[in-house]
Amino acid sequence: ERNQKVMTRTKLGNICIFSALLFFVSCDRSKVFDLYLEIDSQGWKATDTIGFEFEIDSQEDVLYNTLIGLRNNNDYLYANIFFFVDVEHPSGLHRTDTLQYILAAPDGKWLGSGVGEIKYNLLKFKENEIMQPGLYKYKMVHGMRDDVLIGIEDVGLRIERSN
């Protein structure tokens, strides 16, 4: 009888774990691409380009959001950050944008989420954009005055369906 209770608890536990996993996987159906690249602990040099490549499947009437993920620690010296982002579309067309994001409140308190020293921000780049099917290439460099930025842990790119 004791063995039967243990087996029942184990089966129930496995079902709960499987259900939780299924819940988390199914919650993020909108994600098309999500990748983070670690920045060298010696700092992010202005000449260090971060690159991302992903493919968009052909789908009618789908709109996309593009977000930049950023994790910084307390060694980062500024309340904001500038990026230069070059996007190569499947047609070969290039578009370069200069972006600025605020990372800290006027009182110096970090914005974003995270417990402890590392803060995480998901920053909006493009919203409700039509993306043609094919290969996209994103290249990013920081646009700060310092040649080497200290305190940036990693930078990411996320593409998600918005509708």
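**Reading burial, contacts and charge in a predicted model**

Colleague: Does Lys126 count as buried or exposed?

Modeller: Lys126 counts as buried, with 17% relative accessibility. The cut-off settles it, because buried means under 20%. Keep in mind that this is a predicted model.

Colleague: Where does Lys126 lie, and which residues is Lys126 in contact with, leaving aside neighbours within four places in sequence?

Modeller: Lys126 is part of strand β7, residues 119–130. Set aside the neighbours within four places in sequence, and its contacts are Tyr64, Asn65, Thr66, Arg95 and Asp97.

Colleague: Let me follow Arg95 and Asp97. How do their side chains meet?

Modeller: Start with the general idea. Side chains of opposite charge can pair when their charged atoms come close. Now the case here. Arg95 and Asp97 form a salt bridge, at 3.6 Å from N to O. Then check each partner. Asp97 is buried at 14% relative accessibility. Arg95 is partly exposed, at 43%.

Colleague: How many salt bridges are there in the count?

Modeller: The count comes to six salt bridges. Another one of them pairs Arg71 with Asp154, where the closest N and O atoms are 3.2 Å apart.

Colleague: Which parts does the pair of Arg71 and Asp154 tie together?

Modeller: Look at the strands. Arg71 sits in β4, residues 63–72, and Asp154 sits in β10, so the bridge ties together parts 83 residues apart in sequence. Arg71 is partly exposed, with 27% relative accessible area. Asp154 is buried, with 13%.

Colleague: Now a residue in a loop. Where does Gly151 lie, and is Gly151 buried or exposed?

Modeller: A loop residue still needs its own accessibility check. Gly151 lies in the loop between β9 (148–149) and β10 (152–161). Gly151 counts as buried, at 9% relative accessibility. Beyond its neighbours within four places in sequence, Gly151 is in contact with Arg71, Asn72, Asn73, Asp75 and Tyr76.

Colleague: How far apart are Gly151 and Gln42, in sequence and in space?

Modeller: Read both distances. In sequence, Gly151 and Gln42 are 109 residues apart; in space, they are 9.0 Å apart, C-alpha to C-alpha.

Colleague: What share of contacts in the protein chain joins residues at least 24 apart?

Modeller: Take contacts between residues at least 6 apart in sequence. Of these, 79% join residues at least 24 apart.

Colleague: Next, the surface. Which residues gather in a patch of negative charge?

Modeller: That surface patch gathers Glu38, Asp40, Asp48 and Asp147. Take Glu38 as the example. Glu38 is in strand β1, residues 31–38. Glu38 counts as exposed, at 72% relative accessibility; the cut-off for exposed is over 50%.

Colleague: Step back to the whole chain. How many helices and strands does the protein chain have?

Modeller: The protein chain has one helix and 10 strands. Along the sequence, the pattern reads α-β-β-β-β-β-β-β-β-β-β.

Terms used: Residues numbered from 1 in each chain as written. Predicted model: local features only at pLDDT ≥ 70, side-chain atom pairs only at ≥ 80, totals over all residues. Heavy atoms only, no water. Patch = residues over 30% accessible without salt bridge, like charges linked within 9 Å, V, L, I, M, F, W, Y side chains within 5 Å. Areas by Shrake-Rupley, 256 points an atom, 1.4 Å probe, with all protein chains shown as cover. Salt bridge = Lys/Arg side-chain N within 4 Å of Asp/Glu carboxyl O. Lys, Arg positive; Asp, Glu negative; His and termini not counted. Charge placed at Lys NZ, Arg CZ, Asp CG, Glu CD. Helix = DSSP H or I, 4+ residues; strand = E, 2+ residues; numbered from the N terminus. Buried < 20%, exposed > 50% of the residue type's maximum accessible area, 1.4 Å probe, protein only. Contact = heavy atoms within 4.5 Å.
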